[in-house]
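Good morning. I have one structure to go through today, and I will keep it short. Please have a look at it first.

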Amino acid sequence: MTTVRLGTGIGWRPEIADAVEAMPGIDWVEVVAENVCPGHLPASLLRLRERGVTVVPHGVSLGLGGAERPDEHRLTALAERATALGSPLVTEHIAFVRAGGPLTASPGIEAGHLLPVPRTRDALDVLCENVRIAQDALPVPLAVENIAALFSWPGEEMTEGQFLYELADRTGVRLLIDVANLHTNHVNRGEDPAKALAELPLEAIAYVHVAGGFERDGVWHDSHAHPVPPPVLDILTDLASRVSPPGVLLERDENFPPPVELERELGAIRGAVKAGARVRGASTPQRLREPAAVGPVTEATRERLALAQTAVLSSLVAGTPVPEGFDRTRMRVQTRALAAKRADVVAKVAPELPVILGDGYRAAFLAYAQTRPMTGGYRRDALDFAADLLLTGRPEDTRARRELREWWLDRSGPRPRPARPVTRLARATRRALLRR
């Protein structure tokens, strides 16, 4: 497979679209696949494409590391975005994002976040088959990203480097190496990033992510909302001393600084890559074998993984006991982080809720999230949260409760209700008469 040389890029976000267009030296951008519509691409992305800037869609919801086979509709949507953007490849994550469902005969639940898969033979077998299914459905090559994690699975059989090597070796999939995630796993799980890099199939690297975060109480949070710290740049230099990365991209998802600061970070990234190149020499990376033909994964293997992932996710989002062998302190940290993220994203997709509920929004949502897992995405989560409040007679303020009810009624039906009260009354009267 021919390697695409991407150069230096930045994650495109609507909040910094103008700044990205004006930045010098941007060879390519990456866009969250689920945030763009193929038939209505943002004008900024279209202008970048016209200038010859490569655009790569980066998926976050496929859940290739989950026990279920990849959803056909999600794969079709990812393929449509790759085609619409003229992308040379698409990327996703080595993670699970939902659990439950038919394999466990239990309700499906969602994490709203990327969670680590166990580095076991069962999980690797399922992941390899899921990756092959995705590869067959996509019009361009697929690359998959190592994720950051707050907790480890007990009884793991491989290191991260070994797990990624076998995945690439067995499927031919490309790797998106996030050096910030390697740093996160170093702080949170004691994993040596240099050892992980030494074990990787370097020629399988499609490109590299670089991002910032922060440390609190001995836990590193991969926030994508803070400057890139020196340890992450050091890992990038180490990687560049081993292989010339085809592309390097700065990720920033919120708390955006002025454009000059983003440009300064891009400069530091270029400097780290050059520093690695100076010591790289002329070594040739190892070559992967052709992907082997492997038989299908048994349903029993998928069921074992499904039961394990469901138990873990239920403990994180539904208040069930933490499974044996997991670090309970780290699991509590992950639980709080997931609930906080849900509260933040719901506030973005339904900005009226914090306005209606005022200062009580966050506390009310976090209390709701303790035992009410997300089951259908963030928009559904917002509606379910509002319904829960109304069913329990909240908020206590009459005006706020009336506004919340109106908001819920407007959004819970197949289409918004008419704005004029007289029209709504006429329709309600007509329905009542028809029922007689």
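I will start with the whole chain, then take one annotated span, and end on a single residue.

Keep in mind that this is a predicted model. The chain holds 16 helices and 12 strands. Along the principal axes, the C-alpha trace spans about 85 × 50 × 45 Å.

Now the inside and the surface. Of the 436 residues, 50% are buried. Among contacts with a separation of 6 or more, 76% are between residues 24 or more positions apart. The accessible surface is about 20,200 Å², and carbon and sulfur atoms account for 54% of that. As for charge, there are 54 positive and 55 negative side chains, and the centres of these two sets are 7 Å apart.

Next, the annotation. An unreviewed UniProt entry gives residues 306-389 as "domain: SCO6045-like C-terminal". In the model, that span is 74% helix and 0% strand, and its end C-alpha atoms are 32 Å apart.

Where does Thr120 sit? It is in the loop between β6 (106-115) and α4 (121-137). Is Thr120 buried or exposed? Its relative accessible area is 14%, and the cut-off for buried is under 20%, so Thr120 counts as buried. Leaving aside residues up to four places away in sequence, Thr120 touches Gly155, Glu156, Glu157, Met158 and Phe163.

That is where I will stop.

Terms used. Residues are numbered from 1 along each chain as its sequence is written. This is a predicted model: local features need pLDDT of at least 70, side-chain atom pairs count only at pLDDT 80 or more; totals for chains, interfaces and linings use all residues. Side-chain values use heavy atoms; hydrogens and water are left out. Helices (H or I, at least four residues) and strands (E, at least two) are DSSP runs, numbered from the N terminus. Buried means under 20% relative accessible area, exposed over 50%, partly exposed in between (1.4 Å probe, protein chains only). Contact means heavy atoms within 4.5 Å. Accessible areas come from the Shrake-Rupley method with a 1.4 Å probe; for residues, only the protein chains shown count as cover. Lys and Arg count as positive and Asp and Glu as negative; His and the chain ends are not counted. The place of a charge is taken as NZ of Lys, CZ of Arg, CG of Asp or CD of Glu. UniProt positions are given in the numbering used here, feature names are shortened, and annotations may be inferred rather than shown by experiment.
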